[in-house]
Amino acid sequence: MRRGVWPAVLLTLSSLVAVGPFVVMLVVALSPGNAPTIPYRLPTSFTLDNLAEVLSTGSFLRWTANTVVYSVVSVVAVLLSSSMAAYVFARKRFGGREVLLWSMLSTTMVPFQALLMPSLVVIARLGWSDTYWGLIVPTLANAQAVLLLRQFIRALPDEVFDAARVDGAGDWRVYLSIVLPLCRPVLATLAVFVFLWHWNDFLWPLVIARSDSMRTLTVGLSTLESGNPAAGELMSAATIAGLPCLLVFVVLQRHLTKTISFTGLGG
Amino acid sequence: MARLRESLTVLVFLLPVLVLFALFRFLPMLGAVGLSVSDYRLDGEWRFVGAANYRSLAHDEIFLSSLRTTLGYVAVYVPLTVAVALGTAVLLHAVPWGRGLFRAALFAPYATSLVLSGVVWRWVLEPTGFLQHPSLVLPTLAVVGVWKGFGYAMLVLFAGIRNVPADCLEAAKVDGASAWQRLRHVLLPALRPAVFFVVVVETMAAFQVFDTVYVMTGGGPMRASYTLAYAVYDYGFRYFDVGGAAAIGVALWAIVLLVSLTQRRAFGRNP
């Protein structure tokens, strides 16, 4: 009976530290505007006024819509483009394949800050400054997605591909009716990670957005703060910005944790 | 004919990824070096200036202090992350019940953004004045970073612990090894690859710390939290010194490469 009591006590304490700030965020967001709040005193009543106030601001809704577009379009585009590339990387022989794979792998070792200024020059030359194109397209080059999918497709049994060939299926047929369905579990996991990466992304959306209407939630949140709004509204905005991620996390955490344990994806 | 068709298919399947990487990874990689040896004006005009940007960085007190600040951040963040992650992973392994719940709670901060963490923690820390204190601000930022990020390292290490054969730990226990001895002599040697992986990944992340600095301190007070990544942004977007910002970016790139290669060698040796 005594065994495991200390680990449980320590884990309970550290879990409280991990979750505590979210509780603080929620409590402050739900507290009436002028009431003295934690850490000094617990609020005596709750209200949705702050949340309603934030949601009624035009620019906040715009930022939310931008973030949804940024995340959802990126998920679809990354999954499609990298699964196509991963298929030929895994199943075809062609000159320069290894070189190409290595150079893609090498891009994961480059800090994004090093590419920040030149990427902006490229975007300016393309005429994509302050547009959705400029926001989304550069972030679709995702080496981790290609490499993970390639590994998975390579491990699929050869017989499946041989059988399809014998039946006279072309590459598009093989890709659409064999590769995509068989990759469904990896694609689902990748979708979650790419969604979280984009929803939480900050530096690129920050530098690409010149006008208020191009901002994402993370960028908007950082500008809200310098305007020094009431704590209740700031925490309401933070709550709304974080809610989708926390929901995705609560629903899929078992799946996410398993993926990290097996592949190390997400570092 | 069949061969041509085949290579055409390969090209078509690769095309989206090839274009994306060429335009937004490989070209900027060359561009970073190119900009760092040039004097780039916002109107698009540029002039080759050789190593001038790097020479001026060598005497630039702001850059040099940002280098020290970044090293200070890494020196707090990486050991703390590994210690907290290892501690919680061992506890998760030892706890007989509620493991899934604890793991979910500890991992939750990882799912949110650094911006959100920064906003919430800045508000929580407001009464303490830590963020206004020149010698406390950096450790405080590192602790917030650890709070946000240790869950990932914890999962990797926890998976490593589960791969240690149970009979090894059992045998050590039967031989009368204490919990500390079992950790030190059985678990840690077995965890070496996982710890290595975590150290490399977290070091790379720590050198690039930006979001929390931007949101919580803006590099202050008195540049006490002015990191390299923040310097790239500041030079580029406040001073409009594109060449200088690119040179700092390339310096950061070189440092990250050097550090991860050194770590690889250090861990590659047999124990």
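Two residues count as in contact here if their C-beta atoms, placed from the backbone, lie within 7 Å. Keep in mind that this is a predicted model.

**View 1. Where α4(A) meets α7(A).** On the α4(A) side we have M104(A), L105(A) and T107(A), and they meet A143(A), V146(A) and L147(A) of α7(A). Sorted by type, the residues of this contact come out as five nonpolar, one polar and no charged.

**View 2. How α4(A) and α7(A) cross.** Helix α7 of chain A spans residues 143-154, and its axis sits 9 Å from that of α4(A), at an angle of about 135°. That angle makes α4(A) oblique to α7(A). As for handedness, the crossing is left-handed.

**View 3. The side of chain A that touches chain B.** Chain A puts 66 residues into the contact, and chain B puts in 72. Several helices of chain A each supply at least two residues to this side, including α1 (5-30), α3 (58-91), α4 (97-107) and α13 (231-263). By type, the chain A residues here split into 44 nonpolar, 18 polar and four charged.

**View 4. Chain B on its own.** Chain B has eleven helices and two strands, and from the N terminus the order is α-β-β-α-α-α-α-α-α-α-α-α-α. Its radius of gyration is 23 Å, well over the 18 Å that the globule rule gives for 271 residues, so chain B is more spread out than a compact globule. Along the principal axes, its C-alpha atoms fill a box of roughly 75 × 70 × 35 Å. Buried residues account for 45% of the 271 in chain B. Of the chain B contacts between residues at least 6 apart in sequence, 71% join residues at least 24 apart.

Note on methods: Residues are numbered from 1 along each chain as its sequence is written. Chains are lettered from A and ligands numbered from 1 in the order in which they are written. This is a predicted model: local features need pLDDT of at least 70, side-chain atom pairs count only at pLDDT 80 or more; totals for chains, interfaces and linings use all residues. Helices (H or I, at least four residues) and strands (E, at least two) are DSSP runs, numbered from the N terminus. Ala, Val, Leu, Ile, Met, Phe, Trp, Tyr, Cys and Pro count as nonpolar, Asp, Glu, Lys and Arg as charged, and the others, Gly among them, as polar. Axes are lines fitted to C-alpha atoms, for helices over the stretch in contact, and angles run from 0 to 180 degrees between N-to-C directions. Angles under 35 degrees count as roughly parallel, over 145 as roughly antiparallel, 65 to 115 as roughly perpendicular and the rest as oblique. A crossing is left-handed if the near helix is turned anticlockwise from the far one by less than a right angle, and right-handed if clockwise. The radius of gyration is taken over C-alpha atoms; the globule rule is 2.2 Å times the number of residues to the power 0.38. A residue is buried if 20 or more other C-beta atoms lie within 10 Å of its own, exposed if 12 or fewer, and partly exposed in between; C-beta atoms are placed from the backbone.
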